[in-house]
Amino acid sequence: MSGTLTIQQAGHSVVTDLGRFKGSRYGLPVNGALDQFSARAANILAGNLDNDPLIEVTALDFRMRADADLLIAVTGAPLTFTVGGRKCPQWEPVSVLAGETVVLRGMNTGLRSYVAVHGALDAPMLLGSCAPDTVVGFGLKLSEGTVLGARKTVPPIRQPYFDLPLFRLGLSRPGTSDSPVIDVTDGPDVAEFGDTADLLFNTSYTVSGRSNHIGLRLGGTLPERQSTAEVLSRGVPVGAIEVPSREELLVLHRGRGVTAGYPVLAVVTSRSLDVLAQARPGDTIRFRKVTVAEATAGHRAAMRELEALRTSVNTVFGLLGVGAPASWRELKPASGS
Amino acid sequence: MNAATPVEVYESGDAALRVVANSPDRERNWAAVHALAAWLETADVDGLHGAVPTYDSVLVEFDPYVTSARQIRAFVLLGMRQLDYVGAPARLPRQFDVPVVYGGEYGPDLQKVADHEGLSVAEIIALHTAKSYVIRCLGAPAGSPMMDGPDFPLPVPRLKDPRLSVPAGAVSVAGRQAVIAPASAPGGWCVIGQTPLTVLNPDKQPLVPYMPGDLLRFHELPAAEFQRFAGLELAASA
C-alpha cells in the first residue's frame with residue numbers, strides 16, 4: 001500500500017539521494033545529499049536502501065502532513081523534531097499517524113537535516129538518480145502544497161509507555177561544531193604551491209555566505225600558486241581545494257562542475273565532506289593533513305557503523321513485522337512491569 | 001605494436017585518482033585517456049563510479065568502502081597494457097554546425113579579446129569560424145563541448161572577475177580552448193558570441209548530442225537572424 005505526504009512549509013528542501021554517480025562522464029556533477037553519512041543513516045533507520053530518495057532540509061524550518069500512516073527517521077543537524085506536537089528523537093525510527101504533522105524547526109548548529117520515509121519517496125530520475133542538478137535544471141524542489149508519494153505505509157507501532165522512545169538503536173551521531181577540524185590529503189598539484197602550501201594548516205578559515213552545494217568559499221591566509229603555466233581543464237574530485245582568487249579558498253562539494261582549470265592544492269576526505277556539509281557561514285575551520293590510507297580507514301569505520309545499524313534495524317523491524325502486510329499491532333509491556 | 005602510452009597516477013583524495021598520459025604526443029595522450037575511460041566504463045568494476053577524461057588526463061572516481069586507491073591504480077595500469085593490444089574502438093566523427101551571433105549583447109567580451117590579440121573584431125570572427133574543432137571532452141557545466149581554441153596569436157586570459165551567470169548558448173574562449181555553454185552557469189571565460197540553438201535537453205539521453213571526438217564548426221549569424229533559430233536543437237549535420 002502506498003501513501004502520500006503533503007508539504008506544508010518547505011523552507012529550503014529537496015528530494016535527493018546519494019548522487020548521480022554515472023553522470024560524470026556526461027559532464028554532470030554527482031550532487032546528492034551533501035552529508036552522506038546522515039542521509040544513509042536516515043534511510044537505514046527507515047528500513048530503506050542507503051540510496052533511496054529522501055528529503056534534504058537546508059537551514060530553514062520544515063513542516064509536512066502525513067496523509068497515511070508512515071514510519072520516518074530524521075538525521076543530520078540537531079533541531080526540534082515533533083510529530084503531532086510530541087517531541088521525537090532524531091536518529092531513531094518514528095511512527096507517524098495519518099493526519100499528523102511532522103515539524104523540523106530551530107536548526108541552530110549544522111545546516112542540513114534528512115527525512116527518510118519507510119518505502120522511500122517517488123521522484124523523477126535522471127541517469128539513475130533523483131538528485132537535483134541546479135545547472136541542468138533537474139530535480140524535485142519542494143514547495144508548499146507539494147504532494148510526495150511514499151511507496152509504502154506502515155501501520156502505527158504503538159508504544160505502551162507514553163514517554164519512552166520507541167526505539168533506541170544507539171548509533172553514535174556525528175557531533176556538530178562551529179569550529180570543526182577538516183581532514184585533507186595532499187592534492188595532485190600541491191607542488192605548484194611550493195612552501196605556501198603549508199599555510200593551509202597554520203591558519204583558520206571563515207566560511208563565507210557565498211557558499212553552497214557547489215562549493216564552500218573560505219576566507220583566511222591563502223596559499224599561493226608559484227607557477228603561472230597554463231592549466232588545461234581536468235576532472236576535479238569532490239573535495240578539491242583550489243585557490244582561484246586572492247580573496248578566498250574554494251572547497252568543491254558535490255555540486256561541483258566535473259572539470260576545472262585550477263591546480264588542486266588538497267582534497268577533503270569523504271568523512272570530512274560530511275562535516276563541511278554542516279558548516280554554516282561564519283563558522284571557523286581548521287585543516288589537518290592525513291594520508292589517503294588514514295582517510296580510507298576513517299571512511300570505512302563510519303561505513304561499518306552504518307552496517308551495524310542496518311543489522312540492528314533489520315532485526316527490530318523483523319520482530320515488529322515492519323514491511324509485512326498491514327495489520328494493527330500493539331507492543332506488549334515488558335514482563336515484570 | 002607501439003609501447004603503451006606512459007601514464008602517471010596521482011592520488012586525488014580517498015575517492016579518486018588522476019591519471020595523466022605524458023607522452024610527447026598530445027593527440028596520442030588524448031586518445032589514450034579517452035580509450036582508458038571507455039575501457040573502465042565497460043569493465044563495470046564493483047565500486048568504480050566513473051571516469052572523467054579531458055585532454056591529457058582522466059579522473060577515476062571510486063567508492064573507498066568497496067575498493068581502494070591502490071586497487072584502482074593497479075587496475076588502471078592493467079587497462080593501459082590491455083589497450084595497447086586491442087587499441088581504442090574507432091568511431092566515425094559526426095559534424096555539428098553551430099550558428100553564432102558575435103559581439104554586442106551576445107558576446108560582451110569580443111572587443112576585449114580583439115584588443116588583447118591585436119586583431120580586429122572581424123579577424124577574430126574569421127579565425128573562430130575558420131575551421132572545424134575536435135570536441136576533446138565533455139566538461140562543466142552540464143556536458144560543455146571542450147575544444148582546442150582558434151588559431152589566435154596569444155592565449156586568451158580568463159576574466160579577473162568571473163561572471164555569476166553566463167547564459168545558455170554562450171560561446172567562449174580562454175587560454176587555447178573554446179567552448180559552448182549548454183546551460184546557464186557562472187563563468188570566467190571570455191564570451192564572444194551566443195548560439196540561438198538549444199544544446200542541452202534533459203529529457204534526452206545523453207543530454208547533449210555530441211561526444212568527444214566529434215567535430216564542431218561555428219558559422220557567423222547576423223543578430224537579426226537569432227530569433228529564427230531560437231529553440232531549435234543542436235543536431236549532427238547530415
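Guide: Let us start with strand pairing: two strands pair if DSSP finds at least two bridges between them. Strands (E, at least two residues) and helices (H or I, at least four) are DSSP runs, numbered from the N terminus. This is a predicted model, in which local features need pLDDT of at least 70 and side-chain atom pairs count only at pLDDT 80 or more, while totals for chains, interfaces and linings use all residues. Residues are numbered from 1 along each chain as its sequence is written, chains are lettered from A and ligands numbered from 1 in the order in which they are written, and side-chain values use heavy atoms, with hydrogens and water left out.

Visitor: Which residue stands opposite A:Leu70?

Guide: The residue facing A:Leu70 is A:Val96, in strand S8 of chain A. S8(A) covers residues 93-96, and four bridges join it, in antiparallel fashion, to strand S5 (residues 70-76) of chain A.

Visitor: What is the strand order in that open sheet?

Guide: The order in chain A is S8-S5-S10-S3-S2-S11, six strands with antiparallel pairing. S8 and S11 of chain A stand at the edges with a single partner strand each, so one side of each has no neighbour in the sheet.

Visitor: What is the average pLDDT of chain A?

Guide: Chain A averages 89, and 91% of its residues score at least 70; pLDDT is the predictor's confidence in each residue, from 0 to 100. Over residues 325-330 of chain A, however, the pLDDT is below 50. That stretch has 10 contacts in the model beyond near neighbours in sequence, a contact meaning heavy atoms within 4.5 Å. Where pLDDT is low, the predicted coordinates should not be read in detail.

Visitor: Is A:Asp183 buried or exposed?

Guide: A:Asp183 counts as buried, at 16% relative accessibility, whereas A:Arg288 is partly exposed at 45%. Buried means under 20% relative accessible area, exposed over 50%, and partly exposed in between (1.4 Å probe, protein chains only).

Visitor: Which residue meets A:Arg310 in a salt bridge?

Guide: The partner is A:Glu307, at 3.5 Å from N to O. Both belong to helix H4 (residues 292-320) of chain A and, being three residues apart, are separated by about one helical turn. A:Arg310 is partly exposed at 22%, and A:Glu307 is partly exposed at 31%.

Visitor: Now chain B. Where do B:Lys131 and B:Asp151 lie?

Guide: Their side chains meet in a salt bridge of 3.2 Å, N to O. B:Lys131 lies in the loop between H4 and S6 of chain B, and B:Asp151 in the loop between strand S7 (144-148) and strand S8 (163-166) of chain B, so the pair ties together parts that are 20 residues apart in sequence. B:Lys131 is partly exposed, with a relative accessible area of 27%.

Visitor: Which residues of helix H4 of chain B are buried?

Guide: In H4(B), residues 121-128, the buried residues are B:Ile124, B:Ile125 and B:His128. Seen down the helix axis, they fall within an arc of 95°, so they line one face of H4(B); the arc is that of the directions from the helix axis to the C-beta atoms. The elements of chain B that they pack against include strand S5 (95-102) and helix H3 (110-117).

Visitor: Last topic, the backbone. Which peptide bonds are cis?

Guide: Among them are the bond from B:Ala140 to B:Pro141, with omega near -5°, and the bond joining B:Gln205 and B:Pro206, with omega about 0°. B:Pro141 is in the loop between S6 and S7 of chain B. That loop also holds B:Ala142, whose phi is positive, near 55°. B:Ala142 counts as buried, at 3% relative accessibility. Most residues other than glycine have a negative phi, and most peptide bonds are trans.

Notes
A salt bridge is a side-chain nitrogen of Lys or Arg within 4 Å of a carboxyl oxygen of Asp or Glu.
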